[in-house]
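Please keep the sequence and the structure in view while reading.

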Amino acid sequence: MGNHLPEFRAAARLLDRRRFLTRAGAAAVLAFSANLPAAGAATARRLDPREITEDPFTLGVASGDPLPATALIWTRLAPEPYTADSGLPAGRIEVEWEVAHDERFARVVARGTAIAHPEYHHSVRVEVPGLSAGRFYFYRFRAGAWISPVGRTRTAPAAGAPAGRLRFATLSCQAYYHGYFTAYRHLAAEDLDVVVHLGDYLYEYPVAADGGSRKYTDRVLPAHYNSETLTLEDYRLRYGLYKSDPDLMAAHAAHPFVVTWDDHETENNYADETPENDVPPEEFLLRRAAAYRAYWENQPLRAPQRPEGPDMRLYRRLHFGRLAQFDILDTRQYRSNQVQGANWQVPGPESKDPARTMTGATQERWLLDGWKDSDATWNLLAQQVTFAQRRDVPRPDFKLSMDAWDGYTASRQRVLDGAETAGVDNLMVLTGDVHVGYGFDLKKDFDDPGSATVGTEIATTSVSSDRDGAERPANWSNLTSANPHMKYYNGRRGYTTFALTPDRATVTFNTLTAVTTPGSALTRAASFVTEAGAPGLTPA
């Protein structure tokens with residue numbers, strides 16, 4: 001079982017698969033593995049924050065999941081983020097926090113204290129109550145003599161508030177070893193209400209001493225990064241590396257984030273309890289439990305998302321008045337296993353099997369029921385993998401990606417039928433994963449280009465994964481000719497911005513010329529409009 005603690009391995013062997021999959025059994029094993037108390041997290045001794053001799057705010061601050069009356073703010077104390085204990089002993093630390101109307105904190109509206117528990121790697125999250133809807137706030141933390149960077153967040157509009165304007169961005173896929181996070185530096189300067197991260201925030205693969213394609217000459221990364229993440233300590237350390245990136249910290253400080261994962265936060269191409277490689281199920285579930293715990297510790301997520309063992313309910317719903325409803329999906333934890341692996345295959349009876357699911361029955365029902373209750377002008381489905389049909393060549397022997405919704409066609413059809421039944425007029429699917437920018441019209445029948453357009457899909461490109469990319473990748477001609485509903489395709493790195501009004505959605509694809517060198521300029525590569533009540537993308 002990799003490098004899990006001996007006690008972890010021994011405990012896991014005592015549990016059969018069914019028992020391990022129960023919340024209580026899995027949580028108990030994870031607690032045992034990390035030497036945690038199984039019930040509660042308040043047994044560690046209290047440390048005096050005045051004894052912290054180095055800046056503990058090396059990972060910055062963040063906020064997330066905007067609600068009308070509360071803000072969720074986050075930080076993690078880590079004077080030495082590249083070490084297993086982050087440079088802190090195993091004790092509880094009291095952290096002060098403040099929220100204000102202004103960046104200089106002359107008009108403080110809320111303050112208090114929170115405990116950074118060693119059991120949660122000294123992460124801190126505070127749900128600040130009593131705030132006004134639809135406005136910006138500034139926040140910061142203090143531990144002893146140290147004060148964190150200042151963050152800015154925004155609350156959501158009041159429930160039922162008249163539709164106004166919403167500005168947001170999507171991004172995904174940030175392999176540290178493939179390049180710099182320059183996209184985040186530009187994102188931090190954008191005028192946005194919220195940022196939606198669509199997965200692959202972290203990669204499990206090794207990072208060499210020179211940072212891979214970053215080719216560092218001014219630092220040497222510790223040797224423990226040059227191996228795949230398997231254990232809780234591994235995942236925690238990897239977050240210490242990623243979240244110490246200054247461009248990423250700047251973006252988190254500038255905007256509230258809504259996050260969901262894809263596969264690499266745990267392991268490439270996993271499906272529910274099935275790993276990519278042939279390993280015993282209990283070994284993979286221990287790894288999944290470790291990955292989920294580290295994800296929650298390092299993201300601005302609210303208490304309902306806290307994992308229990310290898311289970312974590314990440315799907316959730318956010319409202320921005322009557323203008324927009326975001327349904328945040330998890331397409332990894334509950335999906336059927338991919339057909340013939342996760343590669344491109346000729347579609348057949350197995351990939352079309354109605355029993356196959358991308359979301360699991362419970363999440364699917366939650367999604368469709370939520371659409372029935374929606375009064376939003378725009379319904380945005382934030383998820384991971386390509387939703388539209390995507391043939392690889394313009395020939396009868398085309399193949400489809402079995403990891404995307406093309407490998408789960410009945411599941412996709414149930415979602416589209418559910419949107420139609422619920423009367424969702426303005427469906428927009430937000431996608432990550434593919435390391436390119438796509439713009440699709442969603443068709444009632446993808447095999448009939450003349451069929452009705454029922455929504456749009458915007459796939460955002462990667463922050464850094466697959467290095468610099470190209471404006472027209474090698475398969476550009478094949479994909480654009482094989483898929484007439486594909487209205488845009490660009491293979492550069494970057495992110496996507498959106499401006500929603502009651503009348504239209506404007507989508508802008510933003511690209512960088514390079515990520516293997518720092519400081520690339522940003523290009524507004526293309527913009528499209530989709531009109532409310534008239535789905536489909538047209539050039540702006």
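Seven strands make up an open sheet with mixed pairing, and their order is 13-14-16-18-20-19-21. Two strands count as paired if DSSP finds at least two bridges between them. Helices (H or I, at least four residues) and strands (E, at least two) are DSSP runs, numbered from the N terminus. The edges are taken by strand 13 and strand 21 (486–490), each of which has a single partner strand, so one side of each lacks a neighbour in the sheet. On average, neighbouring strands of this sheet are turned by 20° against each other, direction ignored.

The model is predicted: local features need pLDDT of at least 70 and side-chain atom pairs count only at pLDDT 80 or more, while totals for chains, interfaces and linings use all residues. Residues are numbered from 1 along each chain as its sequence is written, and side-chain values use heavy atoms, with hydrogens and water left out.

## Pairing and a helix across the sheet

Strands of a sheet pair through backbone hydrogen bonds, either parallel or antiparallel. Strand 18 (residues 427–431) pairs with strand 20 in the parallel sense, over four bridges. Thr431 has Ala459, in strand 20, as its bridge partner.

Helix 8 (residues 361–372) lies across strand 13, strand 14, strand 16 (378–382) and strand 18, and runs at about 175° to strand 14. Such angles run from 0 to 180 degrees between N-to-C directions, and the axes are lines fitted to C-alpha atoms, for helices over the stretch in contact; contact means heavy atoms within 4.5 Å.

## Salt bridges

Side chains of opposite charge can pair when their charged atoms come close. A salt bridge is counted here when a side-chain nitrogen of Lys or Arg lies within 4 Å of a carboxyl oxygen of Asp or Glu, and this rule gives a count of 31 salt bridges. One of them joins the side chains of Asp65 and Arg316 at 2.7 Å, N to O. Asp65 lies in the loop between strand 2 (61–64) and strand 3 (71–76) and Arg316 in strand 13 (residues 316–320), so this pair ties together parts that are 251 residues apart in sequence. Asp65 is buried (under 20% relative accessible area; exposed is over 50%, partly exposed in between, with a 1.4 Å probe and protein chains only), its own value being 2%. Arg316 is also buried, at 7%.

A further salt bridge connects Asp262 and Arg332, with the closest N and O atoms 2.7 Å apart. Because Asp262 lies in the loop between strand 12 (257–259) and helix 7 (281–297) and Arg332 in the loop between strand 14 and strand 15, the pair ties together parts 70 residues apart in sequence. Asp262 is buried, with a relative accessible area of 1%, and Arg332 is buried at 0%. Salt bridges with shared partners join Asp262, Asp263, Arg332, Arg335 and Asp403 into one network.

## Positive phi in two loops

Which residue in the loop between strand 14 (324–328) and strand 15 (344–345) is considered here? The residue is Gln340. Its phi is near 55°, a positive value in a residue other than glycine. Gln340 counts as exposed, at 53% relative accessibility.

Arg467 lies in the loop between strand 20 (453–459) and helix 10 (476–482). The phi of Arg467 is near 60°, again a positive value in a residue other than glycine. Arg467 is partly exposed, with a relative accessible area of 40%.
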